[in-house]
Amino acid sequence: MTVTSTATDTPSPLPERLADATRDETSLRRFLHGLPGVDQVGVEQRAAGLGTRSIKKAAKRWAIDTAISMVDLTTLEGADTHGKVRALAAKAKLPDPEHPDTPRVAAVCVYPDLVAPAVEALQGTGIGVASVATAFPSGRSSREIKLADVKLAVDAGATEVDMVIDRGAFLEGRYGHVFEEIQAIKAACGQAHLKVILETGELATYDNVRRASWLGLLAGGDFIKTSTGKVSPAATLPVTHVMLQAVHDWHATTGELRGVKPAGGIRTTKDAIKYLVAVHEVAGPQWLDPSLFRFGASSLLNDLLLQRRTQLDGHYSGPDYVTVD
């Protein structure tokens with residue numbers, strides 16, 4: 001295993017401790033298994049406690065607008081069509097036509113073969129086009145196929161790539177294999193940002209989530225992402241706490257900012273606000289920005305829009321008043 005360090009926007013040498021960790025397979029294993037263990041009871045209690053925080057009035061309106069701006073509006077179905085992607089792009093640009101001051105979402109996320117119509121529909125808006133890749137959602141294919149998948153997305157204009165790690169290799173302890181694959185995908189992304197999907201529902205333990213998070217960061221991922229949304233459980237608050245702690249510690253060690261994206265199962269405004277509280281308390285207020293925190297979601301935006309209307313109009317608006325995906 002030959003490892004070279006990568007950074008996100010402004011490459012810089014890794015601190016000596018991290019550079020040593022990426023020297024070879026043995027060093028990588030020693031580093032990952034030397035990370036502090038996660039206190040399962042502690043992280044679950046803290047997540048539950050922060051989830052009870054009450055957000056009212058102006059703060060709630062701010063939280064709703066912030067959450068909308070962090071949404072990766074997603075369609076990842078076998079029946080997706082160019083027309084559905086164009087409709088999703090229209091909603092991304094103008095989420096609530098009756099309230100044109102509603103923030104735009106961060107990105108639209110589609111399969112590689114549907115990147116081109118998304119790019120065309122979103123041209124000049126500043127909204128990102130994210131594409132899943134690397135044999136999503138299983139990740140079960142050769143590296144050559146995975147790299148071809150990324151090239152298809154990037155050549156079509158994707159500004160963000162969401163890759164899946166080889167969970168089988170990770171669970172077998174072949175960390176160097178996973179590391180090198182992430183690095184290869186990062187290189188293939190060019191200027192596109194890379195989100196590394198850990199599929200935490202298959203990692204079994206919080207300690208594995210912490211190790212996979214650090215592995216993704218060491219290999220150059222711009223974001224670490226919980227899930228494909230195709231495996232249950234998907235995103236959970238305790239798992240997201242562990243990942244937020246990882247990017248916080250990464251920043252403390254390197255000075256670099258990396259992001260977190262929970263995806264799958266986040267459907268309500270109440271849920272989204274719980275995640276924002278966790279971001280503020282675990283990573284820090286600097287992460288309350290779409291460049292560092294995203295929601296992978298399809299139906300979440302609808303509830304955020306309904307709750308936003310309630311805040312503005314003083315009464316609840318039913319689902320008939322927004323586009324239901």
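Some ground rules. Residues are numbered from 1 along each chain as its sequence is written, and side-chain values use heavy atoms, with hydrogens and water left out. Because the model is predicted, local features need pLDDT of at least 70 and side-chain atom pairs count only at pLDDT 80 or more, while totals for chains, interfaces and linings use all residues.

Two packed helices are described by the angle between their axes and the distance between the axes. Helices here are DSSP runs of H or I with at least four residues, strands are runs of E with at least two, and both are numbered from the N terminus. Axes are lines fitted to C-alpha atoms, for helices over the stretch in contact, and angles run from 0 to 180 degrees between N-to-C directions.

Take H9, residues 175–189, and H10, residues 206–218. They pack at about 40°, axes 9 Å apart. So H9 and H10 are oblique to each other. The cut-offs: under 35 degrees is roughly parallel, over 145 roughly antiparallel, 65 to 115 roughly perpendicular, and the rest oblique. H9 passes H10 in a right-handed crossing.

Which residues meet? From H9, Tyr175, Val178, Phe179 and Ile182; from H10, Arg211, Leu215, Gly216 and Leu218. Contact means heavy atoms within 4.5 Å. The residues of the contact of H9 with H10 are six nonpolar, one polar and one charged. Nonpolar covers Ala, Val, Leu, Ile, Met, Phe, Trp, Tyr, Cys and Pro; charged covers Asp, Glu, Lys and Arg; the others, Gly among them, are polar.

H9 has another partner, H2, residues 25–33. The angle between H2 and H9 is about 100°, with axes 9 Å apart. That makes H2 roughly perpendicular to H9. H2 brings Glu25, Leu28, Arg29, Leu32 and His33; H9 brings Tyr175, Gly176, His177 and Phe179. The residues of the contact of H2 with H9 divide into four nonpolar, three polar and two charged.

Next, the backbone. Most residues other than glycine have a negative phi, and most peptide bonds are trans. Where are the cis bonds here? One joins Phe136 and Pro137, with omega about 0°. Pro137 sits in the loop between strand S3 (128–132) and helix H7 (143–155). Another joins Ser232 and Pro233, again with omega about 0°. Pro233 lies in the loop between strand S6 (223–225) and helix H11 (237–254).

Now positive phi. Ala135 has a phi of about 60°, though it is not a glycine. Ala135 is in the loop between S3 and H7. Lys57, also not a glycine, has a phi of about 50°. Lys57 is in helix H4, residues 57–69. Lys57 is exposed, at 71% relative accessible area. Exposed means over 50%, buried under 20%, partly exposed in between, with a 1.4 Å probe and protein chains only.

Last, cysteines. How many disulfides does the structure hold? A disulfide is a pair of cysteine sulfur atoms within 2.5 Å. Cys109 is in no disulfide; the nearest cysteine sulfur belongs to Cys189, 13 Å away. Is Cys109 buried or exposed? Cys109 is buried, at 1% relative accessibility. Cys189 is buried too, with a relative accessible area of 1%.

Methods:
A crossing is left-handed if the near helix is turned anticlockwise from the far one by less than a right angle, and right-handed if clockwise.
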